[in-house]
Amino acid sequence: MNATHIDDPLFMLVAAHQQLRTHLHNLVRAGRLFAVGKGDFRLVPQLSQALKFLQTDVALHARDEEDSLHPRLRGKLRDPQSHFAYLLQHIEKDHAELAELQEKAGEAARALIRQVPLESFPACENIKQPLVEFRQLVNQLYRIYTSHMLVEERDIFPAIQVIFTPQERAELAAEMCERRAANGARFTVEPVVRSGISID
Ligand SMILES: [Fe+2]
Ligand SMILES: [Fe+2]
């Protein structure tokens, strides 16, 4: 991450979303390629990278929101029954549902990877069952995350720039960095490569 952004919580949160979008895109696309008989072992590194991101970075991102951002936003609310308070609650419910789905998608992906063929043709019969489950779960993840991130970026994150002082924003960013340091992780904004493998 660019050193000038390490104290910008909005940038850090949105960068995590951009990376997540790309990984989800790659998972859905890999499922489609396998389904049309054009997927093979060359997709495994991409699947593994996406799974690792979901397991580690996304879990830390959810903690950033639930443990660092939301309590600070709630502290600014005058009405605990407001629409904004409801949105925060809704986002946290999503996180619980998504964590469960991610767990299942990880298991389905590992089952699929164990059956991945070395060559894409002929379409492999033995990946059919794990593939059905994998595709169903990653499509569901994609759908829920798309609306989840839209609500966060449209209705919640803009408040960071409006209601926090520069000092409060710096404290929020520092807490997010400390969370990574404590978990042996770090922020990255290296672009994740979107799968360009054609299904045509
Ligand atoms: Fe979230
Ligand atoms: Fe988020």
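Here are some questions and answers about the predicted model shown above.

Residues are numbered from 1 along each chain as its sequence is written, while chains are lettered from A and ligands numbered from 1 in the order in which they are written. Because the model is predicted, local features need pLDDT of at least 70 and side-chain atom pairs count only at pLDDT 80 or more, whereas totals for chains, interfaces and linings use all residues.

User: Which pattern does the protein follow, read along the sequence?
Analyst: Let's start with the elements, which are DSSP runs numbered from the N terminus: helices are H or I with at least four residues, strands are E with at least two. The protein has six helices and zero strands. Along the sequence, that reads α-α-α-α-α-α.

User: What span should helix 2 have at 1.5 Å a residue?
Analyst: Helix 2 covers residues 44-76, which is 33 residues. The expected span is 1.5 Å times one less than the number of residues.

User: Where in helix 2 does a kink lie?
Analyst: A bend is the angle between axes fitted to the seven residues ending at a residue and the seven starting there. In helix 2 the kink is about 35° and comes shortly before the proline Pro71. Its place is Leu69.

User: Is Arg180 buried, exposed or partly exposed, and why?
Analyst: Arg180 sits in helix 6. A residue is buried if 20 or more other C-beta atoms, placed from the backbone, lie within 10 Å of its own, exposed if 12 or fewer, and partly exposed in between. Arg180 has 17 other C-beta atoms within 10 Å, so Arg180 is partly exposed.

User: How far apart in space are Arg180 and Asp64?
Analyst: Asp64 is one of the buried residues of helix 2, and what covers those buried residues includes helix 6. Arg180 and Asp64 are 116 residues apart in sequence. From C-alpha to C-alpha, their distance in space is 9.9 Å.

Conventions
Two residues are in contact if their C-beta atoms, placed from the backbone, lie within 7 Å.
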